[in-house]
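Dear colleague,

Please find below the structure that I am handing over to you. I would be grateful if you would read the notes that follow with the sequence and the coordinates open beside them.

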Amino acid sequence: MVRIQVDFTVNKNLEFYTPLNEAMTAYIYRAVSKGNKRYAEMLHHNGFSKLGYKKFVYHVYSIFQNKEIVQFDLKEGTASLILSSALEDTIVNFVKGMFKIGSIQLLGFSFNVKEISYIKEPEISDTEAFNAISPVYATRSDGKWLNPREMEKKLADNLIQKYFALYGKIPGDVKIKLLSPEARYIRYKKDTFRGYTGLIIMEGDKRLIRLAYDSGLGARCGQGMGLLEKIEQ
């Protein structure tokens with residue numbers, strides 16, 4: 001529904017021992033809470049679930065510099081946050097809260113906001129190609145990693161569950177193909193997650209494809225994984 005880019009100024013080169021996406025996840029919830037505390041608590045503690053064991057928050061983000069995602073360092077210059085959500089209230093309250101806080105605050109550092117821009121939502125058809133800006137991730141029910149072919153089915157199943165949890169309706173089907181996938185490892189707290197970047201082809205119900213674009217594809221989207229960018233023909 002809404003996607004924004006927040007550019008912020010980094011005054012000197014910085015290296016961190018804690019992953020930046022861990023800090024940004026916390027900052028996003030803090031900013032949303034400043035905009036609407038009750039909404040933020042619902043999102044963080046409960047999320048949306050009609051399946052009994054899963055919750056979805058319906059937002060996805062990535063931190064990057066020079067078109068590359070960053071995990072443990074920021075270079076002097078401009079860095080950017082892309083934040084996307086299927087829930088307009090998440091974006092609205094995040095922006096309100098960010099203005100109240102007055103800066104982007106990560107791991108003890110404050111970064112001045114340089115520019116906030118709205119990213120126009122693309123047209124979505126029943127066949128689309130995407131670039132995974134941040135790795136798409138899913139695991140087996142026992143937590144073990146999946147190879148790309150196994151992940152394709154898991155990503156499709158997860159997306160259908162995600163749609164049902166939000167709308168209470170069973171959508172159509174979707175097929176997902178990872179082309180030339182490249183393994184990418186993302187740290188979060190004490191865990192390491194293996195996802196895949198590369199070209200992603202999606203065919204099927206365009207409502208599901210739209211949801212994947214708006215709120216991320218796969219698991220841990222609210223922790224900085226699964227952000228897609230449409231490849232324009």
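This is a predicted model: local features need pLDDT of at least 70, side-chain atom pairs count only at pLDDT 80 or more; totals for chains, interfaces and linings use all residues.

**The five-stranded sheet**

Five strands make up an open sheet with antiparallel pairing, in the order β4-β3-β6-β1-β9. The edges are taken by β4 (68-69) and β9 (113-118); each has a single partner strand, so one side of each is left without a neighbour in the sheet.

Two pairings involve β6. Strand β1 (residues 2-10) runs antiparallel to strand β6 (residues 77-85), and nine bridges join them. Within this pairing, leucine 81 of β6 is the bridge partner of valine 6. Strand β3 (residues 59-65) also pairs with β6 in the antiparallel sense, over six bridges. Here, histidine 59 stands opposite serine 85 of β6. As for burial, β6 is largely enclosed by the rest of the structure, because seven of its nine residues are buried.

**The loop between β3 and β4**

Two residues of this loop deserve a look at their backbone angles. Most residues other than glycine have a negative phi. Asparagine 66, although not a glycine, has a positive phi of about 50°, and its place is in the loop between β3 and β4. Lysine 67 lies in the loop between β3 and β4 as well; this residue is not a glycine either, yet its phi is positive, at about 65°.

Are these two residues buried or exposed? Asparagine 66 counts as exposed, at 73% relative accessibility. Lysine 67 is likewise exposed, with a relative accessible area of 79%.

**Helix α5**

Helix α5 (residues 206-215) has ten residues, of which seven are buried, so the helix is largely enclosed by the rest of the structure. The buried residues are Leu208, Ile209, Leu211, Ala212, Tyr213, Asp214 and Ser215. Glycine 216 follows α5, and its phi is positive, near 100°.

**Surface patches**

The surface carries a positive patch formed by Arg30, Lys34, Lys96 and Lys100. Two helices, α1 (20-35) and α3 (88-101), each supply at least two residues of this patch. An α-helix has 3.6 residues a turn, so residues three or four places apart point the same way. Arginine 30 is found in helix α1 and counts as partly exposed, because its relative accessibility is 37% and the range for that class lies between 20% and 50%.

A nonpolar patch is also present on the surface: Leu179, Leu199 and Ile231 form it, with about 190 Å² of accessible area together. Leucine 179 belongs to strand β11 (residues 174-188). With a relative accessible area of 32%, leucine 179 is partly exposed.

**Proline 135**

Proline 135 is placed in the loop between β10 (127-132) and α4 (148-167). Despite its place in a loop, proline 135 counts as buried, at 0% relative accessibility. Proline 135 and leucine 179 are 44 residues apart along the chain, and their C-alpha atoms are separated by 13 Å.

Yours sincerely

Methods:
Residues are numbered from 1 along each chain as its sequence is written. Side-chain values use heavy atoms; hydrogens and water are left out. Patches are made of residues with over 30% relative accessible area and no salt bridge: like charges are joined within 9 Å, nonpolar side chains (Val, Leu, Ile, Met, Phe, Trp, Tyr) within 5 Å. Accessible areas come from the Shrake-Rupley method with a 1.4 Å probe; for residues, only the protein chains shown count as cover. A salt bridge is a side-chain nitrogen of Lys or Arg within 4 Å of a carboxyl oxygen of Asp or Glu. Lys and Arg count as positive and Asp and Glu as negative; His and the chain ends are not counted. The place of a charge is taken as NZ of Lys, CZ of Arg, CG of Asp or CD of Glu. Helices (H or I, at least four residues) and strands (E, at least two) are DSSP runs, numbered from the N terminus. Buried means under 20% relative accessible area, exposed over 50%, partly exposed in between (1.4 Å probe, protein chains only). Two strands pair if DSSP finds at least two bridges between them.
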